Amino acid sequence: MAAVPLAYLVIRLAQADLQQVIDAVVRERTLVLVLTSLGLSLLVALGSLVLGIPMAWVLARVALPLPGLWRALAALPLAVPSYVMAFSWISTWPALSGFWPLTLVMILACTPYVTLPVAAAFYLADQRAVDVARTLGRGPLGAFRAALLPQVAPAALAGALLAGLYTLSDFGSPSLFRVQTLTWAVYAAFEGGLNRTLAAATALILVMLALTLVLMERMMRRRASRGGRPASQIVRPRRLNTKRVQLVSVAGLGCVSLVSLGIPAYALTRRGWESRSAATDWSRLFESMGTTLSLSLTGALIAVLLGLPIAVLAARYRGRSIATLESVAYLGNGIPGLVVGLSLVFFTLNVVPVLYQTALALSVAYAVIFLPKAIGSARSAIAQVPASLEEVSRTLGRGPLHTWTTITARLSTPGIATGGLLVAVTAMKELPATLMLLPIGANTLATELWRHTNMSSYAAAAPYAIALVLIACIPTYFLSRTELDGTRR
Amino acid sequence: MNSSRTRLALIATVAASAIALSACAGDAESTSNGSDEDRSLIVYSGRDESLIGPIIEKFEEESGIEVKVRYANSIEMAAQLLEEGERTPAQVFLSQEAGALGELANADLLAPLPEEITGAVDPQYSAADDSWVALTGRARVLLYDSESVSEDEVPSDVHALTEPEWQGRVGFAPTNASFQSFVTAMRVLEGEDVAEEWLTGMIDNDTEVFDRNGPIVEAVNTGALDVGLVNHYYWVVAAAEAGGPESMRAQLKFGEPGTVSALVNVTGAGVLASAEDSDEAQEFVEYLVSEQAQEHFVEEAGEYSLLPDGPSPADVPSLDELDGPDLDFSELADLDGTLELLQKVGLL
């Protein structure tokens, strides 16, 4: 299923004139676009790691006042569509444009991809290795690097990959900051009289870049995982509760939230306030909230179900075919939503025309588009469950399914749930595929936002943006509950 | 050990597919409840709901036909229609601009329209082969920041924007269909070389590249940009939201009459080939060119009616005063040359 967009590109290009494809691709401009896109993605991935790992550590290891609130605040930037975030910055500082401001905003938007899975990994990390390192004379930072970091590295890298791929496929923010990326070029090719050959050729370059990122992550993950093997008995540390650590943590988390959430909140409220023509249609707002919730949660459920087998295989085995399977699932993430949408139009009409433009087809589309999010954190959570525990269970006579449900699934629930949450939250704001596949007459919060911002009625759009952020709190709440269930023993 | 895990994975996969399939079945049943007696119509609209929605509601009341509408960008919607081909559920396509309609006509996806529809509007704006009908006009204008430039300083000829004094102060949206129609018009009216020279001149003058018109209006109105090339109605809509033209920092300068700077682009409608025999589709498009619907376009959207002697929007000059260049609009639908040019100069 995840290969559908890729297959579509190949089919489209196979129908095209080869010379035309070559002319479209071999240009100096292509190189500029590639370098811009790749540079942006790598910087955002790196920035998300630098910002996300400390945040995750604080969330998992410091006894914070109102822990649920901080966890929610750390997750919430995901609920703000990156184009809304970009808009709120430009609306506050109109002169802002260009590569570096864009990089900063994308880092803020993408950091939760790292923070959430890494916080879950810190939860599951074995503290004894750190104690051993400390006993051997390492300082707190040294012990962290030597003993703790390797345990969370797979989750962190998977998160950074998601951040990079999201940046690669994002269209709204680069165009608002007037930075021309490859995705921008794919859209430009479509906008300009439906040039599907140029669009498909450009999208294929984008897929190559996505593949590069996936391979880089795999290489680094392999190197990182040499460091730490999960132990058979997990010892959890006590949460740090000294005043100084708490104060610094709260201040740090507060600053990040203020910049990543405060600015959009301020800009949207101001615009909503200024509007004189915006009369909110409340019944429509609630209706689209309901549609958004049911579509994205169904999509998340399907994604988790589709992703779990791949995640289990990827966590436990290292075959080439499994690696390929996982990579293909990831590639969809680097393809712009417009192309994914068109490919699913093509696929649904040709394979299951009855389902065309039904809610189910759109949910499946969400699952396909965001499958990597479900796989990434599930895979690293399962990998952290010591294989020896499973073996003990099997030796005691439990069957494979029993072992899986009582040991593996139970211990990796936080990671699997994190993946589901990520899918749900990102599906809520997905736009291009939603516009094409949504049942006719239905609306989601994202399409309503699009409807208003398209006509530059930003003020009228504000209530929908706020509603989108609010309903994203629901999966976030569920996440913090499963988190507790999974770790209470 | 390994084989048992593989089996486990297999079980999980089968379970997942089973659940997905059973969900499929349930959904398919619940959606197939249409009855043949109701008159209904499916419209794909590249035009905004805030604008077209009220007109559609009125049509539903008057005709008793139930209209279901899918909204998206004109071009993306046209891409979707090309992908759907004959299997499209849509019967009517409403487009923001001529290019998307032209592409569908080229792919033989539009049914020819009868004389009573195409004859209603000024024939110079619609397709020469009656494959689609023009509904409204939108003028290309220069939007300027009235706090940093005076109206006299803003040129009424776009060629003047390549002068050194405008370096880094202007913005345009090369991917926008209206802008591309504008470049096509320049190529048709003034020749390929002039158009290329103008584009490279604009690039050398550090013209800012935006993706859409909306953000240009936003940038000019906040003082981030001095001059922007847009369609006039963006300003009309933004002014309505801000509380009137006088509360806008951005103001309009119309182009020199008779030249490409005064170009008027059109929006239009077409009936899909698969709905050639649909009375509902014909009835709907006919309604859109009626005086009642046209008045709504003028009053609510600030666009120009294309009916002979049709009304003009408030706060802007009339279509006659604008006096757009003498141009065959079906030539604008052919965008290939413009796209090649935009690629050549590095804007796409």
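In this predicted model, the side chains of E303(B) and R138(B) meet in a salt bridge, 3.1 Å from N to O. A salt bridge here is a side-chain nitrogen of Lys or Arg within 4 Å of a carboxyl oxygen of Asp or Glu. The pair links distant parts of the chain, 165 residues apart. E303(B) sits in the loop between helix 11 (291-301) and strand 11 (304-305) of chain B, and R138(B) in strand 5 (residues 133-145). Helices (H or I, at least four residues) and strands (E, at least two) are DSSP runs, numbered from the N terminus. Both E303(B) and R138(B) are buried. Buried means under 20% relative accessible area, exposed over 50%, and partly exposed in between (1.4 Å probe, protein chains only).

A second bridge in chain B joins E196(B) to K344(B), with the closest N and O atoms 3.1 Å apart. These partners are 148 residues apart: E196(B) lies in helix 7 (residues 192-204), K344(B) in helix 13 (residues 336-345). E196(B) counts as partly exposed because its relative accessibility is 23%. K344(B) counts as exposed, at 59%.

Residues are numbered from 1 along each chain as its sequence is written, and chains are lettered from A and ligands numbered from 1 in the order in which they are written. Local features need pLDDT of at least 70, side-chain atom pairs count only at pLDDT 80 or more, and totals for chains, interfaces and linings use all residues, while side-chain values use heavy atoms, with hydrogens and water left out.

Over all chains, the whole structure holds 15 salt bridges. One of them, in chain A, pairs R284(A) with E448(A), the closest N and O atoms being 2.5 Å apart. R284(A) belongs to helix 13 (residues 282-316) and E448(A) to helix 20 (residues 445-454), 164 residues apart. R284(A) is buried, with a relative accessible area of 16%. E448(A) is buried at 0%. Elsewhere in chain A, salt bridges link E217(A), R221(A) and R379(A) in a network.

R70(B) lies in strand 2 (residues 66-71) of chain B. Its side chain reaches chain A instead. A polar atom of the R70(B) side chain lies 2.6 Å from the backbone oxygen of L435(A). The R70(B) side chain also reaches the backbone oxygen of M436(A), at 3.1 Å.

Chain A as a whole has 21 helices and zero strands. Of its 489 residues, 62% count as buried. Among chain A contacts (heavy atoms within 4.5 Å) with a separation of 6 or more, 84% join residues 24 or more positions apart. F99(A) lies in helix 6 (residues 99-124). F99(A) is partly exposed, with a relative accessible area of 24%. Leaving aside neighbours within four places in sequence, F99(A) is in contact with T36(A), G39(A), L40(A), L43(A) and V179(A).

Chain A exposes about 18600 Å², and carbon and sulfur atoms supply 67% of it. Accessible areas come from the Shrake-Rupley method with a 1.4 Å probe; for residues, only the protein chains shown count as cover. L18(A), in helix 2 (residues 18-25), counts as exposed at 60% relative accessibility.

Terms used. A polar contact is a pair of N or O atoms within 3.5 Å; within protein, one must be able to donate a hydrogen and the other to accept it, and residues adjacent in sequence count only if both atoms are side-chain atoms.
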